[in-house]
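User: I have a model open and a few quick questions. Can we walk through it?
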Amino acid sequence: MAELRRYFDEIQLGEEYESPGRTVTETDIVIFAGLSGDYNVLHTDAEFMKRSIFGERIAHGLLGLAIQAGLFTRATQAYATLAFVGLRWKFKGPIKIGDTIRLKAKVLAKQETEKPDRGLVTVQRTVLNQRDEVVQEGETDLMVERKP
Amino acid sequence: MTAVARSYFEDVPLEHVEETPALTLTEAHVSIYQGITRELGDDAALVPDLLPLCFTTGLGWRVPKPPLAVLAFMGLDWQVVRRLRVGDTIHSRSRIATKRPMRDGGVVIEEREVIDQRGEVVQRGRFTYLVAKRSKENQA
């Protein structure tokens, strides 16, 4: 496995990736509510949500964030990631049951750190639905190993 | 139509610190999470970094209070300070840092931390929500 991972030095600034699509189902939302314990009516009460601006239940924002993290692993070869450092994220629109989302990602910045064996890679990420509307977007910072 | 007890923008207590009960992170949590996300790691004993973040909202639900009338989850800034392992026990501490009224609701910024069994902050960040106003909701 390890030799297939890409090191900091191999990742090029401006690289772009696009993931396959992933249809978000009612099951995803039910399982995520059970797992996370977040039973907000937004995600769990179909009748209440009929009267909301969304008209139906929507996926947890954090479910969309988690799914795109998985989509990233299907969009490109794995980085030699040492640590997930952080993210800056915006939820732009709802993900509804049956929507198919995909991830577009681009290497936005590469920074060296005090430690010679690693560097910080900032990836810009856009989550789109089947109508090409941006539903989530943001930047993630990953600490990636340098070529030994 | 049943009335749902909810906490509105006007009710949000500024600066109030809330500590949740705790949750031990298990292989089952990691396995279910990976089933949904396919965010596979290279070490089964490590907890995917976004999973503790996902738990913080649900941990907040275990503090008895009417749930916040969230209209939309707008944004999130998050930092991972230290990785967590299966068997670690986390809880969440949060504080409302900012309230800004708008026409159709109000923006609430909440600072949130994930704390492990040693009392160390392992993840931290800020959640931004659009929350319904009491009056607006009642007219709807």
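User: Which strand of chain A does A:Ile101 lie in?
Analyst: This is a predicted model. In it, A:Ile101 lies in strand S4 of chain A, residues 100-112.

User: Is A:Ile101 buried or exposed?
Analyst: Buried. A:Ile101 has 21 C-beta neighbours inside 10 Å, and the cut-off for buried is 20 or more.

User: What is A:Ile101 in contact with, sequence neighbours within four places aside?
Analyst: The list includes A:Val24, A:Ile67, A:Ile95, A:Leu128 and A:Val135. A:Gly21, A:Arg22 and A:Asn129 are also among them.

User: How many residues apart along the chain are A:Ile101 and A:Ile67?
Analyst: They are 34 residues apart, and their C-alpha atoms are separated by 9.0 Å.

User: Switching topic. At what angle do H4 of chain A and H2 of chain B pack?
Analyst: About 170°, with the axes 10 Å apart.

User: Now chain B overall. How many helices and strands?
Analyst: Three helices and six strands. Along the sequence the pattern is β-β-α-α-β-β-β-β-α.

User: What share of chain B is buried?
Analyst: Buried residues make up 35% of its 140 residues. The C-alpha atoms of chain B fill a box of roughly 50 × 30 × 25 Å along the principal axes.

Technical notes: Residues are numbered from 1 along each chain as its sequence is written. Chains are lettered from A and ligands numbered from 1 in the order in which they are written. This is a predicted model: local features need pLDDT of at least 70, side-chain atom pairs count only at pLDDT 80 or more; totals for chains, interfaces and linings use all residues. Helices (H or I, at least four residues) and strands (E, at least two) are DSSP runs, numbered from the N terminus. A residue is buried if 20 or more other C-beta atoms lie within 10 Å of its own, exposed if 12 or fewer, and partly exposed in between; C-beta atoms are placed from the backbone. Two residues are in contact if their C-beta atoms, placed from the backbone, lie within 7 Å. Axes are lines fitted to C-alpha atoms, for helices over the stretch in contact, and angles run from 0 to 180 degrees between N-to-C directions.
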